[in-house]
Structure formats: C-alpha cells, structure tokens
Amino acid sequence: HRPLFPNSPLKIMSNTGVVFPTIDLGEVSDEILNQKLREAGERLGCFRVINHGVSLSLMSEMKKTVMDLFERPYEVKVRNTDVLPGSGYRFRPSETDPNYEALGLLDLASPQALNTFCDQLDASAEQREIMLKYAEAIHGLAKDLSRRLAESYGLADTTNFFKSWPIQFSINKYHFKPETVGKVGVQAHTDFGFLTILQDDENVGGFEAMDPSSGTFFPLSPLTNSLAINLGDMATIWSNGRLGSVKHRVRCEAKTRFSIVSFLLGPVDTDLEAPRGTWKHGSIEINCQRHLFSNSTLKIMSATSVIFPTIDLGEVSDEILNHKLREASETWGCYRVINHGVSLSLMSDMKKTIMDLFERPYEVKVRNTDVQQWSGYTAQSEINPYNEALGLYDTASPQAVNTFCDQLEASQEQRDIMVKYAEAIRGLAKDLSRRLAESYGLADTTNFFKSWPSEFRIHKYHFKAEAVGKPSGVNLHTDWGFLTILQDDENVGGLEAMDPSSGTFFPLPPLANSLAINLGDMATIWSNGRLCNVKHRVQCNEAKTRFSIASFLLGPMDTDLEAPSEFVDAEHPRLYKAISHKGYRSLRMATNLHDGEALKLISYE
C-alpha cells in the first residue's frame, strides 16, 4: 500500500505491508488535518493520534489507577453494575475465557455515573480526581474528532449534535501467559458506537485491525503518548457508508496487558440517520450523487442512497475476492470492477474505434448482419430515434471478428485493436465466471465456460434536449446471457439498475477505467436462482452523445444448461428446466418477455 499521508511526520508500517497512519493533531492547518482524519476513516476506519491534548502524566496516572482497581477482591469488582448489559463488570475470568476481564460504566461524561463507578470499586479521592480529569479530556477529544470529521465533508456545524451523546468506558486486563501466545484474547468485532478512543498498553502489543482491502489483520504496535482511534457501526450509519467500521481483535502475548477504552456511542433514545444535504469529497461538493469509499475497496453512492459496489480485482486473497464477487452477484446482480487487466490505453483505443465506425455511411452500416437476430445493425427509428447499435455474434471467433471488420471497412489498426480487446474481455469474463463457481465450492469449471460464445454490441445514443429525463435509450430488461461486461461512457451517464429489494432504480455513475458487470438470465438458471439477473435500462440524463461497448458471455448454444447438482437439495429444489441459450433466446423473442419474465415459462413451479 502507498502511504496515505506523504507529508505526515509519522507513519507506522505493519509487517503485512499496511501503512497505518498516525496523525498529528497539532497540525497548523485545520483543512489539512480534517482531510487526513477523513481519509484514514474511509480507508482503514482507524488511526493513531499524537499531540492530542491528553497529557502524558494524566495517561500514566490513569493507567496506575486502572491497574490498582483490578487488584480489588472479586466481591468488590462484582459490585460494578450498570444500566445497560455489557457496561459493568464483565468477561470475568472463567474456564471458557481465563485470559480477560473488564470493568466499565455507561457514561463517562456523567459525573454522577462516574462517582457511582468509583463508589462501587472503593476508589480513593485521588483516583476519583484522576478519572474525572481523564473523562473530561477524553470526552473533549472525542467531540473534537467527530466535529472535524463532519467539517471534512463540508457539513454544517454539528458541535451540539455530538455533545449529548454518552461516552461508554471500559477498562480491560488480559491475563496473558506463555502458553496463550498467539491465541485470541478478544474475538474479531466492530465497535457498535460512533468513535472509540483507546489508550493501549505502551509495553505490550496484541491489538490488531483488519485491512478492508485484503481482509488480513495487521498489528497496531504500541506507541508511547499516542491514542488509537477506531470508527464503529454508528459512524457508518451516520456517514451513509462513507466511514468504515473497522474489524479488530486482540491476540495474546506473554505479558499482562491493560487497556483503557472510551466509546462515543451515539444518540441513545433518538434515531440516528445520515444527514441530508451537500457532502464534500476533497474539493468537490456532491449532493449524494457520487462518492468514493474505501471500506470495502471502493463503492459508489447513488442518488437513491444505494451503495453500489466496485470490486478491486487486484485483491491479494482469492478467497476474499471470490466472496465479494458472489455477494455482489447475489445481492445486486451487478457491480463495477477496477484493476481488471484491460489496459486504459486499449479501452481508449477501442472507444475511438467504435466512434469512428458509427461515422460510416448508412449503406455501410447496414452491411453489419449476423447469424442471430439482434446481433447485427440496429438503426434509429420512429419508435427509438435515439439509439443505434452495431454488433456481432461471437467475439471469440477470429473469423467472425474479421467478417465484422470487413462489413464496416475497418482499418488494419482498428482490426488489431478489436482482436486485442475481444481477447482481453473474454479472458476477464471467463475469470469472473470461474471465480463465481469457486465461491460456491464447485469443481473446476474452466472448460465449462470456455466454449460459450461472447456476443459483442456497441451503442451510440443520440441524446437531445427534448429526451432528457425520459427512458429513451434502452428500455427495462435483463440480459439473456450469463454475464455482461460493459465499458460505458466515462463522460456521459444514463445506465440505471433496479434495486431488487425495493424495486427502485439507482444510477451507475461513470467511473474512469472501470468496467460494469451485469448478471443475466442464464446465470440465474445455472445458479438455481442464487444469482440475481439484474433489471436495468438507459435513461437520457443530458443532451450529449453517449457510447457504450457491451460484451456478453452467453451460455451453451446447442446443449442444455441446468443448475449443477451442488445447487440442488431438499431445501433447494430445482427451479428451472434445462435449456440452451439458443432455445432460451428464441423463447424470449417469441414471447416478447425481456425483463426476466421468460424464466417463469421454464420454471418447475
């Protein structure tokens, strides 16, 4: 990973290669400091802070106080009860978990609650004073960090918004021994609050966080006079998915370890939801239209607040990558991919090529015919005056590609570009299909997908001012093949998909050097209903010409496709009759059912 903060005075490199940021809160520029906090919150969901305003002497005195409180007899410690489950004496050493115990209270910001906590544990007057000072300092820091995060997004002043939130307090003692080294002290989890401030043991490590881009854990090594900051689930809710709730755990070393944790929770009795209005991303202001996220590699926020996933195919772990592809395919039936192996220069050359092909005279374009209906030239018409398309049936066939180029009088350079593009896209389609099969634990299916044809279709949308806001590009439909790879126009939007859980549409905004992936009807048949055949359309959003390049991995043409036996059992009976792509395509065209309804005609139900 590249360093997040090239000008930061301090960074920590983990042994997994993750650069864990440590942020100096003494930064002169508020704007730069706020930007660093937001970037770390989006990228990892955690960071360290130095020059945080909590004095070293107070932190030292607080640790001594904590160590002394844990020396209280068991009958004293069990007095530590609180108003919510999990906020008093908990995880007392047991046969199940002999290594961990904790004391706590619900609201560190309440002097009355803190005094009750001290009474329960027979704390001295000096210890009470230390805890009161520490509580005030930590609560102030939590509110300041929350305010800065809000300001980093350009939101209005939210000082009073965070002010009333309780700050839960937990102190932990890990009874680690040589025989427990490497074992888990606290299981992997996310915090349920908004923001957590951790004063960890400066002498004993063990705290680990998960890198969201790889799913691997990296240690947050101790650093004297620093505080570790975690973001929790309430931060993800409040930010509408922008901030990451980091997964973390504690692993055992051969020493007793103490930690002091303060959780800024969120509103206790009122609902929390993402603020409406304009959010700022860098120097760009957006109104919930587009936003880049780093918690799950990359996501895009649509105007309907749907988080549309973009998946990094450069993911180190095959298992994690395959899981992400499967999750997106089952939930949405569509996603974007980056680091997909198709070079930016080839994508650019391909777009220039298709733009040139559409400039051919009509009498040249109508030569583009193919062996299957809807796989050749589609001209503008009175019914659809805005959409024009060219295509061929199988890009995997060099002969078919050459015929297509002959029909349209493509130059030798353009032929070479199309052959390279077809090869790259087909390789990606097979790889994505293979990964989906592997995610379900199926046997090697490399050769299974290998023989399937890959249809190719390029579109030019002649959008005009009078068409804006109308479904004038392509009507609602599902793709009839297995998997579609779309290189859409990086400058002009319009592609919209349906959220299967609500039936509402959300836009798939353009993203340079990414490819959009759709799952089609054949994927639903093959997976016995597990994979979502996404409904989508093209809207005219602006009076600009739009180009797109779609490649369809279709399915077996002359042999029947049915769900593998691994998808079928007593709880999951077979849903669809076996059918070839050729047969299914003919069925859809004969019935004029193009938005997934044709599946009912081959259903066993």
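Q: In S12, which residue is the bridge partner of Thr196?

A: The partner of Thr196 in S12 is Phe263. Strands are DSSP runs of E with at least two residues, and helices are runs of H or I with at least four, each numbered from the N terminus. This is a predicted model, in which local features need pLDDT of at least 70, side-chain atom pairs count only at pLDDT 80 or more, and totals for chains, interfaces and linings use all residues. Residues are numbered from 1 along each chain as its sequence is written, and side-chain values use heavy atoms, with hydrogens and water left out.

Q: With which strands does S7 pair?

A: Two strands pair if DSSP finds at least two bridges between them. S7 is joined to strand S10 (residues 227-231) by 4 bridges, in an antiparallel arrangement, and Thr196 stands opposite Asn230 there. S7 also pairs with strand S12 (residues 257-264) over 5 bridges, again in the antiparallel sense.

Q: Are the faces of S7 covered or uncovered?

A: A residue is buried under 20% relative accessible area, exposed over 50%, and partly exposed in between (1.4 Å probe, protein chains only). In strand S7 (residues 195-199), 5 of the 5 residues are buried, so the strand is largely enclosed by the rest of the structure. Both faces are covered, with Leu195, Ile197 and Gln199 buried on one side and Thr196 and Leu198 buried on the other.

Q: Is Ser262 buried or exposed, and what is in contact with Ser262?

A: Contact means heavy atoms within 4.5 Å. Ser262, which lies in strand S12, counts as buried because its relative accessibility is 1%. Leaving aside neighbours within four places in sequence, Ser262 has contacts that include Leu195, Thr196 and Ile197, as well as Tyr134 and Phe169.

Q: How do H1 and H5 pack?

A: Two packed helices are described by the angle between their axes and the distance between the axes. Axes are lines fitted to C-alpha atoms, for helices over the stretch in contact, and angles run from 0 to 180 degrees between N-to-C directions. Helix H1 (residues 30-43) and helix H5 (residues 125-152) meet at an angle of about 95°, their axes 8 Å apart. H1 and H5 are therefore roughly perpendicular (65 to 115 degrees; under 35 is roughly parallel, over 145 roughly antiparallel, the rest oblique). Asp30, Leu33, Asn34, Leu37 and Arg38 of H1 make the contact with Leu145, Arg148, Leu149, Glu151 and Ser152 of H5.

Q: Which residue follows H1?

A: H1 is followed by Gly45, which has a positive phi near 80°.
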